[in-house]
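Dear colleague,

Please find below the sequence and structure that I am handing over to you. My notes on what was found follow directly after them.

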Amino acid sequence: MTWTEVLKPIKESSYFINLWENVKLEFNSKKCFPPTKQIFRALELTEFEDIKVVIIGQDPYHNDGQANGLCFSVSENVKAPPSLKNIFIELKDDIGIERKSNDLQDWAKQGVLLLNATLTVQAHEPNSHKNIGWETFTDFIIKQISDQKENVVFVLWGAFAQKKASLIDETKHFIIQSAHPSPFSVYRGFFGSHPFSKINNYLKEKGKEPINWG
């Protein structure tokens with residue numbers, strides 16, 4: 001199946017038409033991120049057929065030039081925000097890989113869906129679009145992946161992402177949960193959680209190609 005087929009029912013609904021009107025209104029009247037052409041970048045870089053891993057974030061980075069449509073990722077020439085830095089520290093501790101690029105598009109192209117629950121944000125106002133209606137859309141995506149695929153790894157970092165566990169069929173998929181990589185919670189169970197080796201061990205067990213995290 002393609003994203004076009006998967007999303008057809010929701011994209012043709014009055015709910016989505018209304019959501020998109022609200023998004024356009026926000027972008028026309030305020031400074032918002034990511035750039036409009038990157039709002040659906042996570043879906044563009046990771047085809048439905050290719051999904052092996054889903055990492056769920058809350059909403060895009062809200063400072064200038066950071067958000068690029070993939071959760072936790074920033075563009076190449078942009079300094080890594082604290083959460084991303086901590087992800088890379090854990091990556092090195094877990095599997096010894098020292099990550100060079102802050103843009104995670106290479107992960108996305110290998111089947112890691114980097115999905116924020118809310119796909120847009122107003123500049124310098126974290127979580128400002130949380131009530132705009134995005135979560136109905138992204139919850140639908142999570143549920144479709146759970147229902148229509150098998151042996152996907154869902155990575156739920158922090159209390160917000162962990163609420164999405166109710167959308168996922170644990171009998172068919174592998175859920176990894178830990179504290180969030182933000183500086184406020186990183187020492188409460190994110191560091192030392194070994195998510196990258198756990199993901200690759202599971203994929204290998206299921207006869208799938210592991211992710212090259214480098």
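Is Cys-71 buried or exposed? Cys-71 counts as buried, because its relative accessibility is 0%. Here buried means under 20% relative accessible area, exposed means over 50%, and partly exposed lies in between, with a 1.4 Å probe and protein chains only.

Before going further, please note that this is a predicted model, in which local features need pLDDT of at least 70 and side-chain atom pairs count only at pLDDT 80 or more, while totals for chains, interfaces and linings use all residues. Residues are numbered from 1 along each chain as its sequence is written, and side-chain values use heavy atoms, with hydrogens and water left out.

Cysteines

A search of the whole structure finds zero disulfides, a disulfide being a pair of cysteine sulfur atoms within 2.5 Å. For Cys-71, the closest cysteine sulfur is that of Cys-32, and at 19 Å it is too far for a bond. Cys-32 is also buried, since its relative accessible area is 10%.

The sheet

Helices (H or I, at least four residues) and strands (E, at least two) are DSSP runs, numbered from the N terminus. Two strands are said to pair if DSSP finds at least two bridges between them. Four strands form an open sheet in the order β3-β2-β5-β6, with parallel pairing. Its edge strands, β3 (112-116) and β6 (174-178), each pair on one side only. On average, neighbouring strands of this sheet are turned by 20° against each other, direction ignored; axes are lines fitted to C-alpha atoms, for helices over the stretch in contact, and angles run from 0 to 180 degrees between N-to-C directions.

Strand β2 is joined to β3 by five bridges, the two running parallel, and Val-54 stands opposite Leu-113 in β3. With β5, β2 pairs in the parallel sense over four bridges; the bridge partner of Ile-56 in β5 is Leu-156. Strand β5 (residues 153-157) in turn pairs with β6 in the parallel sense over five bridges, and there the partner of Leu-156 is Gln-177.

Strand β2 is mostly covered, five of its five residues being buried. Val-53, Ile-55 and Gly-57 point one way from the strand, whereas Val-54 and Ile-56 point the other way.

Helix α6 (residues 134-148) lies across β2 (53-57), β3 and β5, and runs at about 150° to β3.

The nonpolar core

A nonpolar core is a set of buried Ala, Val, Leu, Ile, Met, Phe, Trp, Tyr and Cys residues joined through side-chain atoms within 4.5 Å. The largest one has 64 residues, and those with the most contacts inside it are Trp-3, Trp-107, Leu-113, Phe-137 and Ile-145. Contact means heavy atoms within 4.5 Å. Not counting residues up to four places away in sequence, Leu-113 touches residues including Trp-3, Val-53, Val-54, Ile-55, Ile-141 and Ile-145.

His-173

His-173 is found in the loop between α7 (158-162) and β6, and counts as buried because its relative accessibility is 5%. Its side chain makes two polar contacts with the backbone that I would like to list. A polar contact is a pair of N or O atoms within 3.5 Å; within protein, one must be able to donate a hydrogen and the other to accept it, and residues adjacent in sequence count only if both atoms are side-chain atoms.

- A polar atom of the His-173 side chain lies 2.8 Å from the backbone oxygen of Ser-146.
- The backbone nitrogen of Val-152 is reached by the His-173 side chain at 3.1 Å.

Beyond four places in sequence, the residues that His-173 touches include Ile-145, Phe-154, Ile-168 and Tyr-202.

Backbone geometry

Most residues other than glycine have a negative phi, and most peptide bonds are trans. The following places may therefore be of interest when you inspect the model.

- The peptide bond from Phe-33 to Pro-34 is cis, with omega near -5°; Pro-34 is in the loop between β1 (32-33) and α3 (41-45).
- Phe-72, although not a glycine, has a positive phi of about 70°. Phe-72 is in the loop between β2 and α4 (82-95) and is buried at 10% relative accessibility.
- Asn-127 has a positive phi near 65°. Asn-127 lies in the loop between β4 (121-122) and α6 and is partly exposed, with a relative accessible area of 22%.

Yours sincerely
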